[in-house]
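Trainee: I would like to learn how to read a structure like this one. Please take me through it feature by feature.

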Amino acid sequence: MTKDNKWGLYEELSHVEQRRPLWETLADEFAPERVLYPGSYVDISPSFVFPDVTYVDMDQRCPTFFTDDAVQQRVPYSYQFIHGDYREPLDIAPVDLLLSQYAGPISHYCKQYVRPGGHLLANNSHADAGVAALDPDWELVGVVRGSQISRDVEGYFEPKPGRVADREEMIESMMPIGYTKTASNYLFRLKSTDNAHDE
């Protein structure tokens with residue numbers, strides 16, 4: 001393993017146990033077969049729980065990390081890595097779960113890859129949860145505290161006084177606005193336009 005890649009292995013794999021409980025909750029509730037993680041950087045923790053994850057990132061260090069033998073030997077499941085911009089077309093099969101963590105308006109650009117009835121897990125660090133909340137194709141179905149999902153979504157995404165939620169502006173700026181209630185992550189379900197595909 002190269003010197004430049006050591007930091008990626010030890011730093012990112014050290015967070016696996018911290019992130020695993022939430023991934024396990026999602027696995028238990030939805031059993032996603034295929035997961036897409038755009039803007040992943042070198043966070044490979046989902047592959048310790050989900051058997052089929054596709055990672056997408058433009059960072060020049062990522063290809064070395066994801067192809068490193070030492071990394072592959074530590075990860076229990078196979079995975080795919082696409083070195084590129086998630087805003088550009090991706091040649092992938094429909095996924096059951098889309099992960100958006102600190103990487104921009106993924107819910108907007110990658111919605112097309114999620115099967116009807118599939119889910120999005122998004123935080124709001126780059127306004128993506130707010131963007132999804134204003135998208136009629138996404139339905140807020142849960143909020144995450146710790147590693148648990150609450151189905152009580154009443155009152156979320158109500159802007160604080162004096163703030164206005166503008167979806168296009170948030171997509172462009174990637175700057176979140178203030179809300180009266182917040183959570184660490186938000187769970188959305190992609191609505192189906194064909195009832196035959198609904199869960």
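Trainee: What is the bridge partner of valine 35 in β4?

Mentor: Two strands count as paired if DSSP finds at least two bridges between them. In this predicted model, the partner of valine 35 in β4 is leucine 97. Two bridges join β1 to β4, and these strands run parallel. Features are local only at pLDDT of at least 70, and side-chain atom pairs count only at pLDDT 80 or more, while totals for chains, interfaces and linings use all residues. Residues are numbered from 1 along each chain as its sequence is written, and side-chain values use heavy atoms, with hydrogens and water left out.

Trainee: Which residue in β5 is the bridge partner of leucine 97?

Mentor: Histidine 119 is that partner. Five bridges join β4 (residues 95–100) to β5 (residues 114–122), again a parallel pair. The strand names come from DSSP runs numbered from the N terminus (H or I, at least four residues, for helices; E, at least two, for strands).

Trainee: In what order do the eight strands lie in the sheet?

Mentor: The order is β3-β2-β1-β4-β5-β8-β6-β7, in an open sheet with mixed pairing. At its edges are β3 (79–83) and β7 (148–150), each of which pairs on one side only. From one strand to the next the twist averages 25°, where axes are lines fitted to C-alpha atoms, for helices over the stretch in contact, and angles run from 0 to 180 degrees between N-to-C directions. In the chain there are seven helices besides the eight strands.

Trainee: How many residues of β4 are buried?

Mentor: Buried means under 20% relative accessible area, exposed over 50%, and partly exposed in between (1.4 Å probe, protein chains only). Six of the six residues of β4 are buried, so the strand is largely enclosed by the rest of the structure. For the chain, buried residues make up 49% of the 199 residues.

Trainee: Which strands does helix α2 lie across?

Mentor: Helix α2 (residues 16–30) lies across β4, β5, β6 (138–145), β7 and β8 (185–190), and runs at about 55° to β7. Contact here means heavy atoms within 4.5 Å.

Trainee: Is tyrosine 102 buried or exposed?

Mentor: Tyrosine 102 is exposed, with a relative accessible area of 57%. It sits in the loop between β4 and α5 (106–109).

Trainee: Where is alanine 127 found?

Mentor: Alanine 127 is in the loop between β5 and α6 (128–133). Its phi is also positive, about 75°, although alanine 127 is not a glycine. Alanine 127 is buried, with a relative accessible area of 0%.

Trainee: Which residues lie nearest the centre of the largest pocket?

Mentor: Rolling a probe the size of a water molecule over the atoms shows where empty space is left. On a 1 Å grid over the protein atoms alone, a pocket is an open set of points where a 1.4 Å probe fits, with protein on both sides within 12 Å along at least five of seven lines; lining residues have an atom within 4 Å of a point. Of the 16 lining residues, Arg19, Asp43, Gln101, Tyr102 and Asn123 lie nearest the centre. Helix α2 gives the most to this lining, with four residues.
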